[in-house]
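Colleague: I am new to this one. Could you take me through how its parts meet?

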Amino acid sequence: MNFEPKIVGFCCNWCSYRGADLAGTARMKCSPNVRIIRVMCSGRVEPTFVVKAFELGADGVLVLGCHAGDCHYSEGNYKTMRRMPLLKKMLAQMGIEEERVRLDWVSASEGDRFVSIVDDMTAKVRALGPFKNNSKEAKHG
Amino acid sequence: MAEKKVATKKDTEPKIGVYVCHCGSNIAGTVDVPQVVEFAKGLPAVAIAREYKFMCSDPGQSMIKDDIKQLGLNRVVVASCSPLLHEPTFRHAIQEAGLNPYLFEMANIREHCSWTTEDHGEATEKAKALVSAAVKRIYLHQPLEVREVPVNPNTLIVGGGIAGIQAALEIADAGHKVYLVEKDPSIGGHMIQFDKTFPTLDCSACILTPKMTSAGSHPNIELMTYSEVEEIAGFIGSFKAKIRKKAKFVDESKCNGCGVCIEKCPWKADSEFDLGLSQRKAIYTPFPQAVPNIPVIDKESCAYFLKGKCRACEKFCEREAIDFEQQDKIVEIDVGNIIITTGYDPFDPTPIIKYGYGKFPNVVTGLEFERICNSVGPTGGKIVLKDGSEPKSIAIIHCVGSRDENYHKYCSRVCCMYALKYSHLIKEKTKADVYQMYIDMRCFGKGYEEFYQRLSDEGVTFIRGKPAEVTDRAISEEEKGKLIVVGEDSLLGTVIRVPVDMVILCIALEARADAKNVAQLFSISQGADAFFIERHPKLDPVATMTDGVFIAGCCQGPKDIPDTVAQASAAAARVLALISKGKVELEATVAVIDEEKCSGCRICNLLCPYNAIDFIEEEEVSRINDALCKGCGTCVAACPSAAITHKHFTTEEIMAEIEGVLV
Amino acid sequence: MAKLKLALYWASSCGGCEIAQLQIGDKILKLAEVADIVFWPVAIDAKYKDVEAMPEKSIDVCLFNGAIRTSEQEHMAKMLREKSKVLIAYGACAYGGGIPGLGNMFNRELIFERAYLETPSTDNKEKVLPQTKCKVPEGELTLPEFYDTVKTLGQTVDIDYVIPGCPPEARTTWLALEALIEGKLPPKGTVITHNAKAVCDDCPKKRDVKKVKKFYRTFEIMPDPEICLLEQGLLCAGIATRGGCEAPCPQANMPCTGCYGPVDGVIDQGAHFLSAVASVIDSNDPDEIQRIIDGIYDPVGTFYRYSLPDSLLRRAKIK
């Protein structure tokens, strides 16, 4: 059976969530693998959420915010822009492949961009295969 | 928290109703709705799960309301379209049935699922995951209270130029109190320095002074000139401002503005109003029509303050209004809203050495030229060179400091038009030849293009190309004793040398030198160009990211008088709307700091775009002003002690949602 | 009143915890008045069979330091749990995995290769690696199994309390012992310290708002002793670490490394520390941000120095 990755997506309420809505309204087809969790701002996304998602069995995590300069809260996305690269550097050390975590920017008018990011990420994570959940293994010593 | 624990378990134990919408065939055509309903029934704490054709319809909403009443549901999940569409609808519905509107959660199985997924099986699985996430999350939801605060009907307007005056009059005429604070001794701003206004060529003072007088005498306007805002506390609806009223050394209550003191004062200094082109007395009003017409003593040039002798003004003042002992006074005022109209600074062209400003006396800035043209200006309105003779030719250089990588990249928007105005004034008053040296002519406003066309017929020479330099090094007999403007006529593609007697530099409008302090004082932001940033560049051009603080005029960006007046009126309208509503709703989904856990590390302090986080020095903890918090959650994600909770988006709720989508 | 029966044990640890236990100074005499030490391999000769012989719950309190790396340590943890009324995870290794927990960046194979084959000082021509069983002429020899993954004591057996620190400060040790002696025990699961807030609350340095343009390693700068070290670009874990230690490291102008573990409510100490640090990077330009991040050489070792096995991911994924 083909492996279908589970990807947790975080979208900010003002830009990327609306972009995702627009993809639907425009009936664009996209991979169903990304399941979106709405936060008010990408700045709310704690690195803990990302590691928690992996701990719970996600194969990838996608964080989408407003483009630089477009943040509804003026600069929340800049905080995300600082946190995610450091988190990715840490996760790389932990053996988590680069493609499993993605930070990107989607405006409310970019339904097509949302679809292409979701499809691209799904394809890449599918190619990587499942993220082996180490914590469960750890429980057995 | 404590009282919640006291409440009986039966009351607080979540009892969730899940409603899956068909949305006609929009959802049901792709998602197997009955399967999702069955799945939902098996989720923890779900008391009932149902489906319906259109949940948002009246019967759909009634179904939810009846279940709340009959089954005692205390939390409701609707799986349908985007929450951005119908969250308010359903929140309202459950509120009508007696539930707190925040005990609601929506699973977006249309936009994010049925409409984007082709495979029915995949769509159904995804819909289940989204429903599961919503159920897991709502389990942890707590009721939230939407708080309303009253709006103090008084308004603070900072800056007494045309923008501030306009906004003040609009609000005052509507019957509300305005404090108009101006740092100079008179209101009027830059507009009162101008001679004529484009494109109509009205006399600037003629159209402004009536407004200044109205503002000065309006029963609802309290003018606070020679004053500056020192401190702002509070939030929309109830700001507290501390205003420093600088000592004028003239008792305002006694002075009747007769002017004898000014006449008798033997000491002089350069006139700020005339940009140093003329002199004023040590006790002075900036210009004859000043509002208020009360002079101030400039300590820097007053002989009494400098040497301890003179007091001529005091001797001649019959009303005994001179008070050398006067001190600065701090006045505290309460206001509900603030409009910032602090205007701009004219660009100083001295650093552009190639144009010779400061080196050649007959190279002047546009603002200086306004004063030269003005009948009460330093030359009595005669356009003359420094030696008093009439110029035979004048070059007007556009874009000095604007559209220039080295200074300001932006277009200052008014220079083309005032340059055209100068052509007309020069032609009217002298026989001089006029050369307009421009990059592009930008005549976008109402009547502007027509003004340009009209001027083109007045014998003005237009040369496209930004001049390279202004020099006095003549290379021909014709150029001797002249200023030679050297550049390229980019339409002809030739190097040109234009000998003239006077050069006018159309200097840029730039953000005030102290704009940063003002931005910090009022918790608003500056753009890369240092002008204040509006909330939305198109749809909210007068509000700022701080509720209750509005901006108008050139402090937001260069603009002409009609645009300034329009923006000032818009700001006034926004304030009036808030005043007439009388109250504002505060965001309920805010962040709160648990002071029992806060170590005072101050990581969060600078992260808030609204400056809602204060560090309490005495207690060594940070505290969020929930009236300023907009609930973005950025500080929550940063707190290394997990001491900050984002209401309705708590870490536990989001973790539960993650678990839910990963079923 | 009968004397308390006290046991002390070390698993995967360095021995520092034993020194720290003695650090309570003359209070040890007070302890001796009220307690008998029934098991303490570092100081008293006792065999495992002696412990095995003890009845269930006959030990009043066991202070267990060290992480669980081998089958022997796991066995002893289980046994001491059975024999003790109160089992306390003593020190950072038992609590969060500690420095040995950083072994979770590797697995047994990689660690053995490094330790027994690759190190320059190793002379192992036959490439012999530790075996759990080995036949010799005299019979079969056994060694405990070396696990792939280090676990905390709490992940191995049920624990009652935690005394954090690498090693625990004397005041923290005594705070717990005093509570035990006086029978005033806090609720089960409590991490016993003087301060539930982060180390910053203990730290006397002047703290201002934070903006960091460049991160430094400790040898790269001489920090101003008056000012918060994080503000000066040193990765001080004080913001993300439970206090009560009185901030001895920052007071000696060295950044806190996080040994007291997270404050209550923090799910993952490293991720929180990381988020806070990243949040105060003073740039909005992705390239500059990356350059600043490049100055953090070992994110896992920095953010999870004592808590990797206790983190959400617990260990690195080895390909």
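Modeller: One point before you start. This is a predicted model.

Colleague: How many residues does chain A bring to its contact with chain B?

Modeller: Take both sides of the contact. Chain B gives 42 residues. Chain A gives 42 residues.

Colleague: Which residue of chain B forms a salt bridge with A:Arg38?

Modeller: The count between chain A and chain B is 1 salt bridge. A:Arg38 takes part in a salt bridge whose closest N and O atoms are 3.1 Å apart. That lies within the 4 Å cut-off. The partner is B:Glu87.

Colleague: Which element gives the largest share of the side of chain A that touches chain B?

Modeller: The interface of chain A and chain B has 16 residue pairs in polar contact. Several elements of chain A each supply at least two residues to the side that touches chain B, among them strand 1 (7-12), strand 2 (34-39) and helix 3 (76-93). The largest share is 7 residues, and it comes from helix 1 of chain A.

Colleague: How many charged residues are on that side of chain A?

Modeller: Sort the side of chain A that touches chain B by class. It has 20 nonpolar and 9 polar residues. The charged residues number 13.

Colleague: Now chain B. How far apart are the C-alpha centres of domain 2 and domain 3 of chain B?

Modeller: The domain assignment gives domain 2 of chain B as 155-343 + 517-581 and domain 3 as 345-510. In contact are 23 residues of domain 2 of chain B and 31 residues of domain 3 of chain B. Their C-alpha centres lie apart by 30 Å.

Colleague: Which residue meets B:Asp563 in a salt bridge?

Modeller: The interface of domain 2 and domain 3 of chain B has 2 salt bridges. B:Asp563 forms a salt bridge at 3.5 Å, N to O. Its partner is B:Arg413.

Colleague: On to chain C. How many salt bridges are there across the interface of domain 1 and domain 2 of chain C?

Modeller: The centres of these two domains of chain C, taken over C-alpha atoms, are 28 Å apart. The contact takes 9 residues from domain 1 and 7 residues from domain 2. Between them the two domains bury about 760 Å², 46% of it on carbon and sulfur atoms. The number of salt bridges is 0.

Colleague: Which element gives the most to the side of domain 1 of chain C that touches domain 2?

Modeller: Across this interface of chain C there are 6 residue pairs in polar contact. Strand 4 (68-70), helix 4 (71-83), helix 6 (98-101) and strand 8 (146-151) each supply at least two residues to the domain 1 side. The most is 3 residues, from helix 4 of chain C.

Notes: Residues are numbered from 1 along each chain as its sequence is written. Chains are lettered from A and ligands numbered from 1 in the order in which they are written. This is a predicted model: local features need pLDDT of at least 70, side-chain atom pairs count only at pLDDT 80 or more; totals for chains, interfaces and linings use all residues. Side-chain values use heavy atoms; hydrogens and water are left out. Contact means heavy atoms within 4.5 Å. A salt bridge is a side-chain nitrogen of Lys or Arg within 4 Å of a carboxyl oxygen of Asp or Glu. A polar contact is a pair of N or O atoms within 3.5 Å; within protein, one must be able to donate a hydrogen and the other to accept it, and residues adjacent in sequence count only if both atoms are side-chain atoms. Helices (H or I, at least four residues) and strands (E, at least two) are DSSP runs, numbered from the N terminus. Ala, Val, Leu, Ile, Met, Phe, Trp, Tyr, Cys and Pro count as nonpolar, Asp, Glu, Lys and Arg as charged, and the others, Gly among them, as polar. Domain bounds come from an automatic or database domain assignment. Buried area is the accessible area (1.4 Å probe) that two parts lose on being put together, summed over both.
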